[in-house]
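Welcome! Take a moment with the sequence and the 3D view below, and then let us walk through them together.

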Amino acid sequence: MARIERVELKMVDLKPKVVRTDAIQSFVSQETPIVTITDSDGATGTGYSYTIGTGGSSVMRLLADHLAPRLIGRDADQIEAIWHELEFATHATTIGAITSIALAAVDTALWDLRARKQNLPLWKLAGGAKDRCPLYTTEGGWLHIAPEALVEDALEAKAKGFRGSKVKIGKPSGSEDFARLAAVRKAVGDAYEIMTDANQGFMVDEAIRRAERLKDIDLAWLEEPLPADDIDGHVRLNRSTATPVAIGESLYSIRHFREYMQKGACSIVQVDAGRIGGITPWLKVAHAAEAFDMPVCPHFLMELHVSLTCAVPNGKYVEYIPQLDDITTSRLVIENGMALAPTTAGLGIAWDWDAIDNRSIPEFNRDIR
């Protein structure tokens, strides 16, 4: 039985390669906590999570002061026990983003360690449902982008084999959103999927109104139309429209997802391993969604989510937003618009440690033994 002997902590601040705007904010920075765990056999596993520009320092202090020290001496294979112990140790701050983001970095590292030691890629270790998943792109659909550029990007993505494009909505008037989406639909035809994302920008009556206005576009889904904690509002919206309602990137507990699914407040589950607390709870949400006949289309983190989406039978789409290119040597493998599951053991992410060391913020570096 191999015990955990060392936990290394780093944080890298990554700047998006394109301007990213939505209905409520601009995504200008990705704080990326990185956790590397070493066991008594000398094996290592690396995990990560992210913020969109705030809270990273709090995540790192939580890791350094409260979570990482509890790992020393533990059996690294007891992932479920460790996850619950760490959650309980921080129960006064759960359920919330800071704790879940910190837990995610630890849990992902433990899964990477286990997969590497078993010489299995994560997608097989976690279920092995399929070796590839359809891909859609978000990078050319941000809210500030002009309709002509939206059309150009969607046509380019379609030519590359992508199965869909996401277009942000939340312009001051519904007619503006409609005009942008109608231009894309006219250009790409009926078979190409158009996803939309409101980023929690509407109140329920406005969301119902806009869903009705957009119904003829035949959208793949309407993502985060309302504040994430307004479950009853999502119930009203979901009952009022045939357009699937997608939620999940701003939920931090398996019980939150349970309520959404039980109450009929969503049609698509977008659970994010970097926000739910890691791979351990991600798989629970995905399997619960399968029981409700709901697809899983995880938010962001394509380098990790390609493996998880391929692990489960109801994994439907991977979201293309490249963000780790500056600190990795591996790249998402794309073939005919499909994201291929990695074949290497572990997460399938090859970290560029020189780049990480050069970019890491020294005050957050820790080596805990």
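Thr38 has a relative accessible area of 14%, so it is buried (buried means under 20% relative accessible area, exposed over 50% and partly exposed in between, with a 1.4 Å probe and protein chains only). This residue belongs to strand 2, residues 30–39. Strands (E, at least two residues) and helices (H or I, at least four) are DSSP runs, numbered from the N terminus. Apart from its neighbours within four places in sequence, Thr38 is in contact with Arg3, Ile4, Glu5, Arg6, Glu8, Ala43 and Thr44, where contact means heavy atoms within 4.5 Å.

Before going further, please note that this is a predicted model, in which local features need pLDDT of at least 70, side-chain atom pairs count only at pLDDT 80 or more, and totals for chains, interfaces and linings use all residues. Residues are numbered from 1 along each chain as its sequence is written, and side-chain values use heavy atoms, with hydrogens and water left out.

Four strands form an open sheet in the order 3-2-1-13, with antiparallel pairing; two strands pair if DSSP finds at least two bridges between them. Strand 3 (44–48) and strand 13 (366–368) are at the edges with a single partner strand each, so one side of each has no neighbour in the sheet. On average, neighbouring strands of this sheet are turned by 15° against each other, direction ignored (axes are lines fitted to C-alpha atoms, for helices over the stretch in contact, and angles run from 0 to 180 degrees between N-to-C directions).

Three bridges link strand 1 (residues 4–14) to strand 13 in the antiparallel sense. Leu9 stands opposite Arg366 in strand 13.

How many residues of strand 5 are buried? Five of the five residues of this strand (residues 164–168) are, so it is largely enclosed by the rest of the structure. Gly164, Lys166 and Lys168 are buried on one side, and Ser165 and Val167 on the other.

Strand 5 runs parallel to strand 4 (residues 132–137), joined by two bridges, and Thr137 stands opposite Ser165. With strand 6 (residues 193–197), strand 5 pairs in the parallel sense over five bridges; here Gly164 stands opposite Glu193.

## Cores and helix 3

In soluble globular proteins, nonpolar side chains tend to be buried together. A nonpolar core is a set of buried Ala, Val, Leu, Ile, Met, Phe, Trp, Tyr and Cys residues joined through side-chain atoms within 4.5 Å. The largest one here has 110 residues, and Val269 and Trp282 have the most contacts inside it. Helix 3 (residues 97–117) gives this core its largest share, nine residues. A second, separate core has eight residues, including Tyr136 and Trp221.

Just after helix 3, Asn119 takes a positive phi of about 55°.

## Cysteines without disulfides

The model has zero disulfides, a disulfide being a pair of cysteine sulfur atoms within 2.5 Å. For Cys133, the closest cysteine sulfur is that of Cys310, 3.7 Å away and too far for a bond. Cys297 is in no disulfide either, as its nearest cysteine sulfur, in Cys133, is 9.3 Å away. Cys133 is buried at 0% relative accessibility, and Cys297 is buried at 0% as well.
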